[in-house]
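Walk me through this chain, from its overall build down to single side-chain pairs. Where do charged side chains meet, and how covered are they?

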Amino acid sequence: MGLWHVFYEGWQMECCGTPFSVGDEVSWPLLLLDADTVLGGGWHDQLTEVAGPVEEVGGVRMVRGETGLPVALGADPDAEEDRRPQPGSRTRSAGLLSVERHGAKWPEAGGRVRAVQVLTQTWAETAPGSRSYEPVAGKRGLRAVERCPRWFAETEGERAPDGRGRRSRESGVVVTLDVPGTDSRLSHAVREARGIPGRGAEPGAETRGIGAADLAALLETLSTGTPPRRRARRRHAGA
């Protein structure tokens, strides 16, 4: 089994998601996003790298290669041309895994939820008094919970020194998903942190005998980030 960080955006859950708890079995369509385009970037500790041949399934370009995880490669809707790798080629892409329940359909990744953390993001006015807000890069926090909420809260904050208003929004959850038949950098990092030998370890050994709260705390101390060799493109998986 392999551990994967997956970002489930709040609006996706509020629109048409089903709340889940630690220990639940789930199945989600996963899309690899350019992490710099999500909430201002700064996702170094939650990055995923996928590598393998590119295939097209129902108009969606996917990678189901070396990692064993089925992942769609998103296209940038603002780009003048589609820069995704062509079917039949190979790719190595790093980005942020996210749940995508809108638009095209593609094979889902199923597994067990090992940890759930509510992500709270700081937003600031684009200009003092504008009432138009943008995410503040890197200004976010994670809070371990047993169950993903159905609705996400927002609170008004103090003004920044430059006079811009601020808000804190629960913008979704970061889920640690344990997917059978896969392996990941995160699994290797957890095994190393727990002193489990890298060779000869049974699948799933990294999560055996550790509670959800302790696993979530451990995950907060680990970094799976690697410099992307080729950036994943933005949302919209359809051709």
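Predicted model: local features only at pLDDT ≥ 70, side-chain atom pairs only at ≥ 80, totals over all residues.

Residues are numbered from 1 along each chain as its sequence is written, and side-chain values use heavy atoms, without hydrogens and water.

Start with the build. The chain holds 3 helices and 11 strands. Both are DSSP runs numbered from the N terminus (helices H or I, at least four residues; strands E, at least two). From the N terminus, the order is β-α-β-β-β-β-β-β-β-β-β-β-α-α.

Now the packing. Of the 239 residues, 46% count as buried. Buried means under 20% relative accessible area, exposed over 50%, and partly exposed in between (1.4 Å probe, protein chains only). A contact is heavy atoms within 4.5 Å. Among contacts with a separation of 6 or more, 77% join residues 24 or more positions apart. The accessible surface is about 11,200 Å², and carbon and sulfur atoms supply 47% of that surface. These areas come from the Shrake-Rupley method with a 1.4 Å probe; for residues, only the protein chains shown count as cover.

Next, the charges. Side chains of opposite charge can pair when their charged atoms come close. A salt bridge here needs a side-chain nitrogen of Lys or Arg within 4 Å of a carboxyl oxygen of Asp or Glu. The count comes to 17 salt bridges. One of them joins Arg159 and Glu125, with the closest N and O atoms 3.2 Å apart. The two are 34 residues apart: Arg159 sits in the loop between strands E10 (154–157) and E11 (166–179), Glu125 in strand E8 (residues 109–125). Glu125 is buried, at 0% relative accessible area.

Glu154 and Arg169 form another salt bridge, 3.2 Å from N to O. This pair links strand E10 to strand E11, 15 residues apart. Glu154 is partly exposed at 39%, and Arg169 is partly exposed at 22%. Both pairs belong to a network of salt bridges that links Glu125, Arg131, Glu154, Glu156, Arg159, Arg167 and Arg169.

Asp183 and Arg191 also pair, at 3.6 Å between the closest N and O atoms. Asp183 is partly exposed at 32%, while Arg191 is buried at 7%.

Finally, Thr91. This residue lies in strand E7 (residues 90–99) and is buried, at 5% relative accessible area. Val50 is 41 residues away in sequence, yet the C-alpha atoms of Thr91 and Val50 are 7.9 Å apart.
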